[in-house]
Amino acid sequence: WHRDRGNDRNPPTQPTTEVPQQPTTPTVPAPTPAPTVPTILPVVKWYPGHYIMTDLKPADTNQLLLDFKDIPAMRGIEKTYSWSDLEVPKAGGGWEYNFSQIDRDLTMAKNYCKKLSIMIGYKYLDGTKSPLPKYVLDLENVTVNGISVPSYYAQTTPSINYANFGHSGTVNAFSNLLKALAVKYDKDTAVSFIRFAETSSS
């Protein structure tokens, strides 16, 4: 037997065994993180207790606060401010907000560590007067469901004058007033709350 040494230079190729490929796992996107819950929640005003409703003159209001300054259950006073006193004619034309009456009473309340509750008056038990700014009184009627609706009502039996919140112009003007009050007093902890009179016609 003769061996050809020349074949040693190119040995025969060994057969290869194919390794089956493993199926690829689809890439799953990372879940969207949940929104972060704020650790500081909005401050809610909550001052339960007794509030004395008063429409006294400033000097008498001050005396009232002095009389009750050492009674913790008496948290503060509540006063009514007519819409027409909070929104007044502006020099040169137009209208502007005037919260000087509120500021005066608020200062007195703070002097005795008491709160002030604000009630906005848009109703007079007197048909000859109005608690509304003149521009609200002068708004044209709007039509609602085929009915002509005025911005306010004035009648003599019973004698009363009050805002009509079925009128879109009245609502918009009142909403703007509330926004202005919120901007000025929302963060003042001496202002306990703002409330409204009932809107019935009697």
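Trainee: How much space lies in the second largest pocket, and what makes it a pocket?

Mentor: About 150 Å³, counted as the space filled by probe spheres set on joined grid points. It's called a pocket because it's an open set of points on a 1 Å grid where a 1.4 Å probe fits, with protein on both sides within 12 Å along at least five of seven lines. Mind you, this model is predicted: local features need pLDDT of at least 70 and side-chain atom pairs 80 or more, while totals for chains, interfaces and linings use all residues. Residues are numbered from 1 along each chain as its sequence is written, and side-chain values use heavy atoms, leaving out hydrogens and water.

Trainee: Which residues line that second pocket?

Mentor: Among them are Lys 79, Asp 85, Arg 104 and Asp 105; a lining residue has an atom within 4 Å of a point. S2 and H3 each give two or more, with S2 supplying the largest share, four residues.

Trainee: How many of its lining residues are charged?

Mentor: Five, next to two nonpolar and two polar. Asp, Glu, Lys and Arg count as charged, so Lys 79 and Asp 85 belong in that class.

Trainee: What makes S6 and S10 a pair?

Mentor: Pairing takes at least two DSSP bridges, and these strands have two, so they qualify. They run antiparallel, and Tyr 124 stands opposite Asn 161 in S10.

Trainee: Why is S6 called an edge strand?

Mentor: The open sheet has the order S6-S10-S9. S6 (123-124) and S9 (152-156) each pair on one side only.
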